[in-house]
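The exercises below are to be worked with the sequence and the 3D structure side by side. Each task is followed by its solution in steps.

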Amino acid sequence: MATPWTRLKRYPALLLLIIVYVAACVVVIGNVIRGSGGAPGTGQKKVLRFAHWQLEPGIRNAVDALIADYEETHPDVEVRQILIPEEGYFRWVNTQLIGRTAPDMIECGLGGPVAWSLWPKFYARYFLPLDRYVEQPNPYNKGTQFENTPWRQTYFDEMDGGYEDTLQSYYRVPLSAFTVRLYYNKDMIDEVWGETFPATYEEFIELCEKLVEHGEQRGRELVPIAGSGYNFRQFFQTYQAAMTAPYLDRLDADYDGSVSRVEAAARLYSGQVQMTEAPIRANFELVRELSDYFPQGFMQLDRDEAVFLFLQGYSAMITTGSWDYQSLGVQSEFQIGIAEIPLPSKDNPRYGRHVAGPRTEAGIRGGFPMAITRFSENAEQALDFLQYASSLKKNEELNQAMYWIPAIRDAEMRKELKPFAPRIEGYSTALNYDGPGVELAYNQALPLYLSGKISYEDFAEGLYEAYRRDAPHGVREFIRNNEQTLAQQMRFAAVRRAAIAGAPGAEAAMSGDSELQYKSLIEVYVTQVASRANEIRVWAESAAESAPQTPEPE
Amino acid sequence: MGRRRFAAVILIAAAAALAGCGKVTGTADLNALLTESWRAYSTGDFDFAEDTFRRAAGNPDATAEQRYGALLGLATTYHWSTSPDLSKARESYLELAELGGDQPRRQSVLGLAQIDLAEGKKAEAQLGLMQLIKDFPDSLEANEAALHLADSYCDPTWDEAQASGFALPSDEQMQRGIQVLQDRLESHPDNPLAGSMHVMIADQYIQLKEFPKAVDHLLMADKEGVEGVLTRVILLWRVARIAEKELKDYELAEQYYERYVDEFPRYVLIYRVMKSLERVRALRTAEES
């Protein structure tokens, strides 16, 4: 009787196929075994992947150092950074999440207006809610003053930067904080002006003049401020907050402490607030004056072009955030100084009397926010890593290495960063000039005014016409869109109510105490209902007041 | 049947069973399915939630409780998804009521009234909400119903005939809304939504510019305990600001500005609060002297 081997030998092609198949199986099984343990040679380690868009060399090295420390105390874990360029980041994240191939931890929030509206949907669908953890102490704070403090309360902003308002849940673990300041070429400014940077707007303009002269004397064009639309906005917002602060009280009809876009738009539409009022006019005339020291056509330049001008020494100053501190320092061949954007002094005859104070940074939220993907096989380990990174000691070390501001209270920032310390003093913006529906007209008219192509009177008149024409539709659309926010509150209240009402599965599906959450959701709902009613009332009363009067019959 | 054929049949049957063809959903499985469905709903995966709730509702092995959970889930998903289907939500709420029992009926009536409000049928909604409060006076749903009922009187409505696009409620309508909440607070002073009810009453009084009454209710809301940070920040600021600007009660203003400083030292209004605190202290000193 022929053995199977003898039979097989009669079919060499089949034999070859079986050998190749078996070999392939061995290779695949080997890869699977090695893959489950991480990179080749790492044995049975858990692999955590950590994606972000901070490509600056200093940041990468600082995160590597944090990872090395973590791996030393967690020999069974390997953490890998995945660095994705900012330009394609949102697209990459989107693809990874939809394909369920996303890393365990992802930095969130980048992408522009369209992406910002999508992130909440991503959080809801793809990321792990952290509510059940944030009220527990961070285990890595053992032995510190935060040993028994809930994780949330160890943050300078009580972890507000991790809270997703639209979903009423914590999704992100912020690791740093940021503020915006004026960076300057210290070597150049010292030479032209002296060692003390201008403290007032008047001195600042004087400095700009001197810089222009300095450039002319050397036969080259020197633009005092490296500007783009982005950088200009930093200046504009500073002066807007400083000079329109009195409107915070004047226009806040419902005493909630702020003036909403609709509240401001209603008054600009009706003429109760006019663009020709002294503080508003002063605000625009000041930025018009300042724009002479920006490059020509700066509103069309992008941020990178502005940074290039600054680093190449074509400009002496630039506004940007603390996130650029290290990278600008590394790339520049000159010393960098940091200053506040100077405000007009009280004695300034044109602007002084309109200046209430600086723009507040009291409400800033934690940044560099990391979220954990829901389908991560190592979600608990990822959480552990983020708790490690946000512990008092490690967050301090990480941010000191990155030259960023720590997100954890009492964590020391580098002394070089002291000028970036968030400023509590000051005011938030009271008057948004680009009300609902008027955005396009405003954004078209502003560059024309800044470049001197139209007068302030024409700018103000054009904007008023735009309000009369476009605001009625824009405000209605705005209010209609905001109704979705109310529905959002009810959406979550409904599942909490179902849980309280004993609907099977509802309680188990949610984290946190349903009774407490339900109560809190209804509170927010009531607040939002009131805010909406107030906006509509202000709008309706303004519209009625400004409606053409029908002449009384004789 | 030969051995080989018998073995083949056994093999195919085993494979089929392993592939899930023979799976029967038991009670425990159905609970797990419902949990998954609610989770999908809460994370915005409405297609999945709708599909699984419908499967659970149609499962012949479901207990009465599970069927209630599935139908409520289905109605809630149709109602509150980002692309709501109000007519299907209405059908599901009606089906829910047919199950009988208090709990399904309460959820059903509340859901149907909210759909009526969304569709602009205020009168029908108000009838339903009043009925719910009357029939189930001690329920949680009655508390929420009182808030929706009050809001239905006080809320501005869309009205294209108006220049602004909105019709504002009359003072009488607003007073009626306030009365609904006051009645509820009188009959159920310790209900868990009492704080929200006081806040809503205060909001109406602010709109009516009846500031002393507004402050009274804000103080009562504070006493009841307002949990949410956003609501609490506004509450403390409002009491202080209205006390200072409208009531000239500088003592009360000082007290609430101080509490703001203690509770929210990093919040966006803190600088204004500190400045105001200085101002009202100076005013108090001037008054005393």
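**Exercise 1.** Which residue is the bridge partner of Phe50(A) in strand 3 of chain A?

Solution. The model is a predicted one, in which local features need pLDDT of at least 70 and side-chain atom pairs count only at pLDDT 80 or more, while totals for chains, interfaces and linings use all residues. Residues are numbered from 1 along each chain as its sequence is written, and chains are lettered from A and ligands numbered from 1 in the order in which they are written.

- Step 1. Helices (H or I, at least four residues) and strands (E, at least two) are DSSP runs, numbered from the N terminus.
- Step 2. Strand 1 (residues 46–52) and strand 3 (residues 105–107) of chain A run parallel and are joined by two bridges; two strands pair if DSSP finds at least two bridges between them.
- Step 3. The partner of Phe50(A) in strand 3 of chain A is Met105(A).
- Step 4. Strand 1 of chain A also pairs with strand 2 (residues 77–83) of chain A, in the parallel sense over seven bridges. There, Arg49(A) stands opposite Arg80(A).
- Step 5. Five of the seven residues of strand 1 of chain A are buried, where buried means 20 or more other C-beta atoms within 10 Å of the residue's own, exposed means 12 or fewer, and partly exposed lies in between, with C-beta atoms placed from the backbone.

**Exercise 2.** Describe the open sheet with the order 8-9-7-10 in chain A.

Solution. 

- Step 1. This sheet has four strands and mixed pairing.
- Step 2. Its edge strands, each pairing on one side only, are strand 8 (223–225) and strand 10 (336–339) of chain A.
- Step 3. On average, neighbouring strands of the sheet are turned by 30° against each other, direction ignored. Axes are lines fitted to C-alpha atoms, for helices over the stretch in contact, and angles run from 0 to 180 degrees between N-to-C directions.
- Step 4. Strand 8 of chain A pairs with strand 9 (residues 315–321) of chain A in the parallel sense over two bridges. In strand 9 of chain A, Ser315(A) is the bridge partner of Val223(A).

**Exercise 3.** Is Tyr433(A) buried or exposed?

Solution. 

- Step 1. Tyr433(A) sits in the loop between strand 12 (405–406) and helix 17 (439–450) of chain A.
- Step 2. Tyr433(A) has 22 other C-beta atoms within 10 Å, so Tyr433(A) is buried.

**Exercise 4.** How does the radius of gyration of chain B compare with the globule rule?

Solution. 

- Step 1. Chain B has 14 helices and two strands.
- Step 2. The radius of gyration is taken over C-alpha atoms, and the globule rule is 2.2 Å times the number of residues to the power 0.38.
- Step 3. For 289 residues the rule gives 19 Å; chain B comes to 27 Å, well over that, so chain B is more spread out than a compact globule.
- Step 4. The C-alpha trace of chain B spans about 115 × 45 × 40 Å along its principal axes.

**Exercise 5.** How many residues of chain B are in contact with chain A?

Solution. 

- Step 1. Two residues are in contact if their C-beta atoms, placed from the backbone, lie within 7 Å.
- Step 2. By this criterion, 60 residues of chain B are in contact with 56 residues of chain A.
- Step 3. Several helices of chain B each supply at least two residues of the side that touches chain A, among them helix 2 (27–42) and helix 14 (270–288).
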